[in-house]
Amino acid sequence: RTDGTIHSDEEGEYAELTRLMGSEPMRMEVDGDGKSSTVLNILDPVILRGGGRATQQSLLYTMAELAESRKLDRFERKAIEAAHLMVLREFESARRVPVLEDFVSRLHLVPDDHEFKGMPPRVREEFELAAWKTKFMFEELQSHSLAGLFDGETSKHVSLDTKLTTFDISALPEEGPSVSMVMAVGNAWLLGMLRNEPGWNTTMVAEEGWYLTRGSAGDLLQSNAKLSRALGLQIVTAFHHLSDIPRDSAAISLIQEAQTAHLFKQEQDDDMSEILRLFGLDPGNAEALKHLVPGEHFLKVGTRREIRVEHVRSELEKRFTDTDAGMNLKHVADE
């Protein structure tokens with residue numbers, strides 16, 4: 001079972017392949033109607049079971065930091081942590097699961113919690129300001145850039161019951177936090193499902209790896225990757241320009257930990273330098289890497305020396321993988 005994340009102008013390029021495998025793509029859409037689009041609940045018990053309270057809090061931190069394009073300060077993080085814990089306690093025996101609105105509606109109440117009664121006046125004032133600022137920020141996200149994506153219970157059609165599960169992000173704007181957040185929440189939800197139903201060998205494919213590694217999303221993915229090994233989850237990502245990723249990013253650590261790397265033609269010297277540095281390639285292959293043709297790449301497995309590979313596809317594989325103009329597999333269905 002594979003979770004693919006893809007881009008195109010109208011519909012994800014794997015839409016037809018997903019239907020051929022017996023399911024519908026799960027369309028992620030800002031301001032979606034909730035019927036044809038998909039909602040993922042950050043406070044879903046599935047995510048809680050997958051990574052515990054820390055994972056849900058990390059998703060809330062990530063949402064805020066992606067929206068603000070900065071790290072949260074200690075007061076903002078404490079307000080989020082306290083409001084999240086307040087929601088979990090209140091809904092422990094409730095008849096419905098908590099949703100993002102339940103969390104947001106409690107942010108401004110945090111400074112009045114008994115835990116913070118003894119705060120010095122100046123510290124309390126700063127904490128109250130942080131709680132209100134954080135509340136306003138989440139309300140703006142719910143109304144604009146993330147509207148309809150996370151503001152409800154997880155859609156009933158979200159499941160891993162078919163051979164291919166696709167989160168279609170083609171309708172999301174490339175700018176802003178929506179793509180990165182969908183990928184982060186989708187990954188956390190997947191881990192929760194696998195922990196709840198262990199025994200599946202699962203592959204998650206994220207073609208736009210850059211979005212998975214933006215800001216604190218990279219820290220979250222790196223943490224989840226450590227959990228995934230025990231759950232039989234393989235993560236496949238594609239990066240186009242390694243030199244664009246800051247060297248202190250968690251994404252770099254994640255890339256270095258990869259056991260298998262497929263290295264395709266590189267035209268820019270700075271990208272070439274990063275590949276040589278990260279994967280320890282034989283310098284003699286650097287020139288060859290510049291002149292690879294479509295269908296050729298270098299395969300690097302663990303610490304073994306890289307080998308040059310020619311990928312020969314069958315006619316059926318060509319139909320599956322030629323997605324430049326979108327998938328069109330109707331004529332394959334009978335084969």
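## Residue S69

In this predicted model, S69 is exposed, with a relative accessible area of 65%; exposed denotes over 50% relative accessible area, buried under 20%, and partly exposed the range in between, with a 1.4 Å probe and protein chains only. S69 belongs to the loop between α2 and α3, where helices (H or I, at least four residues) and strands (E, at least two) are DSSP runs numbered from the N terminus. The phi angle of S69 is near 55°, a positive value in a residue other than glycine. Most residues other than glycine have a negative phi.

## Basis of the model

Residues are numbered from 1 along each chain as its sequence is written, and side-chain values use heavy atoms, with hydrogens and water left out. The model is predicted: local features need pLDDT of at least 70, side-chain atom pairs count only at pLDDT 80 or more, and totals for chains, interfaces and linings use all residues.

## Overall architecture

The secondary structure of the protein consists of 12 helices and eight strands. Of its 335 residues, 48% count as buried. Among contacts (heavy atoms within 4.5 Å) between residues at least 6 apart in sequence, 71% join residues at least 24 apart.

## Helix α5

Helix α5 spans residues 121-143, which is 23 residues, and reaches 33 Å from its first C-alpha to its last. This is close to the 33 Å expected at 1.5 Å a residue, the expected span being 1.5 Å times one less than the number of residues.

The buried residues of α5 are R124, F127, A130, A131, T134, K135, M137, F138, L141 and Q142. The elements covering them include α2 (45-68), α3 (74-90) and α4 (100-104). An α-helix has 3.6 residues a turn, so residues three or four places apart point the same way.

## Aromatic pairs

The protein has five aromatic pairs; rings of Phe, Tyr and Trp (its six-membered ring) pair if their centres lie within 6.5 Å, and planes under 30 degrees apart count as stacked, over 60 as edge-to-face and the rest as tilted. The rings of F75 and F127 have centres 6.3 Å apart and planes at 45°, so this pair is tilted. It links distant parts of the chain, with F75 in helix α3 and F127 in helix α5, 52 residues apart. Both F75 and F127 are buried.

A further pair, F167 with W189, is edge-to-face, at 5.9 Å centre to centre and 85° between the planes. F167 lies in strand β3 (residues 164-168) and W189 in helix α6, so the pair ties together parts that are 22 residues apart in sequence. F167 and W189 are both buried. Ring pairs also link F75, F116 and F127 into a cluster.

## Pockets

The largest pocket holds about 2300 Å³ of space. On a 1 Å grid over the protein atoms alone, a pocket is an open set of points with protein on both sides within 12 Å along at least five of seven lines, a cavity is a set of points where a 1.4 Å probe fits but cannot get out, and lining residues have an atom within 4 Å of a point. Grid points are joined across faces, edges and corners, and a volume is the space filled by probe spheres set on the points. The lining of the largest pocket comprises 49 residues, of which V236, T237, A238, H262 and F264 lie nearest its centre. Strand β5 (residues 233-237) gives the most to this lining, with five residues. The lining of the largest pocket divides into 25 nonpolar, 16 polar and eight charged residues; Ala, Val, Leu, Ile, Met, Phe, Trp, Tyr, Cys and Pro count as nonpolar, Asp, Glu, Lys and Arg as charged, and the others, Gly among them, as polar.

The second largest pocket holds about 220 Å³. Its lining includes N41, D44, E153, K156, W189 and M193. Helices α2 and α6 (178-196) are the elements that give two or more residues to this lining.

A search of the whole structure finds one cavity of 30 Å³ or more, and the largest cavity has a volume of about 40 Å³. The largest cavity is lined by A82, L85, M86, R89, D113, E115 and F116. By class, this lining has four nonpolar, no polar and three charged residues.

## Residue H240

H240 is found in the loop between β5 and α9 (250-256) and is exposed, with a relative accessible area of 54%. Leaving aside its neighbours within four places in sequence, H240 is in contact with E208, Q266 and D271. The C-alpha atoms of H240 and D271 are separated by 8.9 Å, although the two residues are 31 apart along the chain.
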